[in-house]
Each structure stands twice: as structure tokens, then as C-alpha cells.
Amino acid sequence: MKNKYLYIETFGCQMNVHDSEQIAALLADIGYKTTDNKKLADLILLNTCSIREKAAQKFFSELGRLVKLKEENPALIIGVGGCLAQHLGGRIFKKVAQVDLVFGTHNIHLLPELISTLQKEKTKIMQIDFQKSLNSIGVFAPPEKGAVSAFVTIMQGCNNFCAYCVVPYLRGPEMSRSPEDIIEEIKKLTDYGIKEITLLGQNVNSYGNNLGNSSFASLIKKIVKVDGIERIRFTTSHPKDLSEELINCFAEEEKLCEHIHLPAQSGSNRVLALMNRGYTVKEYRAKVDHLRRVCPQISITSDIIVGFPGEGENDYQETIDMMEKIRFDSVFSFKYSERKGTAAQNLGGKVDESEKLRRLKELQFLQDEYTLEKNAALEGTGQELLVEGKSKTSGNDMMGRTRSWKIVNIKGDHDLVGKIVNVKISKAYLHSLRGETI
Ligand code: 5AD
Ligand code: SF4
């Protein structure tokens, strides 16, 4: 039988990256090999993001380029999945007639059936129903040969309805997988040589709310018992749901890496209330202090939005002030992007694009200074590195991550991949560190 090829392109967050891995695994079962060469593809899938307008624009320009391939290969099937597919549904067919399939965020497990139908009939299919089951996130994706880290989705959806965010509308209500399912998947991953796992969920801190007595901290305590797993990470945490029990895990559980991504979004109480975040700056800072008290070496990263409706110069200065006091290890910062259907759409006090850009640039300039300062503090220290592969930026070097999630480039060859090595940090840069193996 002739090989069939799948080309899959992913936009957006780690959840989408892992969804694409699951899609590739499912379609391998019906004979599709993944390829990086779009021209070779029999099936092209785009896994989309809708968190900000820019992500949506990027997707449409890429889709415009890809559909041209159908002129040379009319049998090519083109499918669109992910958050934007969930949001736009059949409107995608109207915008781009060459699309054959639109599938939603809860329908990944149905893909083999949907693609088989499309192979037999020249038709258009849309499947964007929300499911009551967790079938869509429970698909096992065998890691690539040589991989040392893997994602494990532990829950789907979000109940928080932050005023700016589309996720609760596009990924549905929170639903957690059972600890038994998760542990079984992790054990299977260790058979492939996986040593580090990253637990994924929109708000992992509310893991288990639909399961009775299963908290996120208790899940971590079960996972540390799995032989072969040496490092555990998770993302993303909502500050309001960060429990004392979980904070203590950073002190008690050796396998839990000393890094937390804890999106603050703003340093103004007024803006946080408008955003419906459910905490004050004081409460946020108390959690950061608590984390640093129990685990002094923890690295803390964050997300910040500038130019949320109603954010005045004073509010913005309060964000700057918070960043100056907290000194995050790094920050992902964004201009507020209005999304249809969200509560923030109806708020007054919209901020000009040019003003948002000024705030963003200034904030990023300041954070670069703090990031470099944090990295420089590691010069001369010993760090444990899990080597992931070739360095992306530094010639023939290899790269790995510290437990605190910092990239370190070291001399060495491919044999090091998957190994945990001890290094001494010799030089700090903004986006990486240089290390010498000890
Ligand atoms: N505009 C700008 N940034 C957003 N984020 C989520 N929604 C929006 C939006 N409408 C950011 C938040 C979140 C991160 C994943 O994306 O900071 O933590
Ligand atoms: Fe969006 Fe807020 Fe849910 Fe995160 S917690 S996915 S920002 S609604």
C-alpha cells in the first residue's frame, strides 16, 4: 500500500502542540506518516489558536498559502482544528472554500473516522460538538525516538472566565482525567525512555474538582512514585487556586522541578477586578513570597497583559512597580486583544493601539534587565541539566534545561541526549546560559 502523508501545522500553546502529537498518533493508526514537506502531503491539518487576533491572522495567511497546493493535487484533504475552528465552525468553509474538514477541540479522537469518510466521499464535514467524555484528551501519543520529555494532558477546559479570555468558550468546562488514567499514561511513557513530564491543563491548580477528593498536589504525590520519571513540571497555574499543599510540594518533592509559571496579568487591583481574576496584588505577592520561602531557588515566570480596557497610566505603573518588586525570571507580555463574546468586549476605556505598544515595549525593556539579572546570579553555580538535543543557537553545542527551566548550552555530542549532567554556569545571557560540564 502506498504511504499516505500527513502535514500538520500547530499554532498557539503547549496544549495545542500536544493535541497535534495526539492527532499524529491517531492518524498513524490509519496509515498516515507525518512529513515536514507540505508538497508531499495527502492530508494537511492546521491546529489553530484564537487567544489573540494575531494568532488568527497568522493562521489565515498560512491557510491561504496551503490551499494553493490543491490546484496541483485535487485529492488533497485540508482540515482545520483547534480553538479557531471551534469558534468559527462552518464560517471557515465560507471564507476558504478549499477546506474539507472543520473539527473542534473535543473531537480529536473522532479524526480517523472523519478522515476515512473524506477519503471515500467528496464532501465537507464539520464536527465541533462538545463531548461529555474525556476521549479527546486521553489519546496516547508515543514519543519520538530519543525524546526525553513529554506532555501529559491532565484536564480539559476552564471555568474561570477571565474577562479577556476565549478559552472557557472554546475548550468547554473543566473536566479532569482520573489519577489512574494519568499514571497509566506516564508509566507507558517511561517505557519509551521519557524522564521528564509536563502536566498540562488550562488551570492545573483546580485539577480534580470534579473527582471528589483528588487534589493536584495529591496527583503529584502519586506521580513521583513512578520509576523512571525524574522530573515533573506543570503548566498553567491560576494564582487564586494555588494551594498551600501544592506550594509545599516544591519543598517536599524532589522530582518536582523548581519552576512555576504563575500568570499575574496586571499589578493593579482595579484592573485585576475588571479582568475577573479573583485575587489582589497583595494576595498574589503573598503567594510568591510563600513559594520563595519554602523553595528559595524557585524560578517564577509570568504573563502580563497591557492595555486592558480601563487600564490607565496609574494602573500600568502599578504593574511596573509589581514587576520591579517581584523580579520574575521571565515574563510573556501581550497587548490586550479584543475577542468576540468575552466580557471585556463590553467594557469602556479602550486603550489606543499605539499606547498599548508603548507600554509593552517599555515593560519588555525593563523585564529584559531583570531576566538578565536573574540569569547572571546563576554564574558560578552548579546546575543539573537534562540534555534535550542540539543547541538551536550555539553552533555544534548541545542544549538542556536546568530544573528551573533555563536553557543552557554546553559542549558535547549526541550521546548526552536524555542524560542528566551536572554543569557549572560560566556565562549568562538574556535567553540562555553557557555551562561547562563538571
Ligand atoms: N489579549 C491579550 N492576551 C491574552 N491572553 C489571553 N487572552 C488574551 C487576550 N484577549 C494572555 C494571558 C494568558 C496568556 C496565555 O495569554 O496573559 O495568560
Ligand atoms: Fe483563560 Fe483565565 Fe481560563 Fe487562563 S484561567 S484559560 S486566562 S479564562
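Biologist: How far is the sulfur of Cys49 from the closest cysteine sulfur, and in which residue does that sulfur lie?
Modeller: In this predicted model, local features need pLDDT of at least 70 and side-chain atom pairs count only at pLDDT 80 or more, while totals for chains, interfaces and linings use all residues. Residues are numbered from 1 along each chain as its sequence is written, and side-chain values use heavy atoms, with hydrogens and water left out. Because a disulfide is taken as a pair of cysteine sulfur atoms within 2.5 Å, the separation at Cys49 is too far for a bond, the closest cysteine sulfur being 6.4 Å away, in Cys83.

Biologist: Is Cys83 buried or exposed?
Modeller: Buried means under 20% relative accessible area, exposed over 50%, and partly exposed in between, with a 1.4 Å probe and protein chains only. Cys83 has a relative accessible area of 10%, so Cys83 is buried.

Biologist: Which residue in β14 stands opposite Asp303?
Modeller: Strands are DSSP runs of E with at least two residues, numbered from the N terminus, and two of them pair if DSSP finds at least two bridges between them. Strand β13 (residues 299-306) pairs with strand β14 (residues 330-335) in the parallel sense over 6 bridges. Opposite Asp303 stands Phe332.

Notes:
Chains are lettered from A and ligands numbered from 1 in the order in which they are written. Helices (H or I, at least four residues) and strands (E, at least two) are DSSP runs, numbered from the N terminus.
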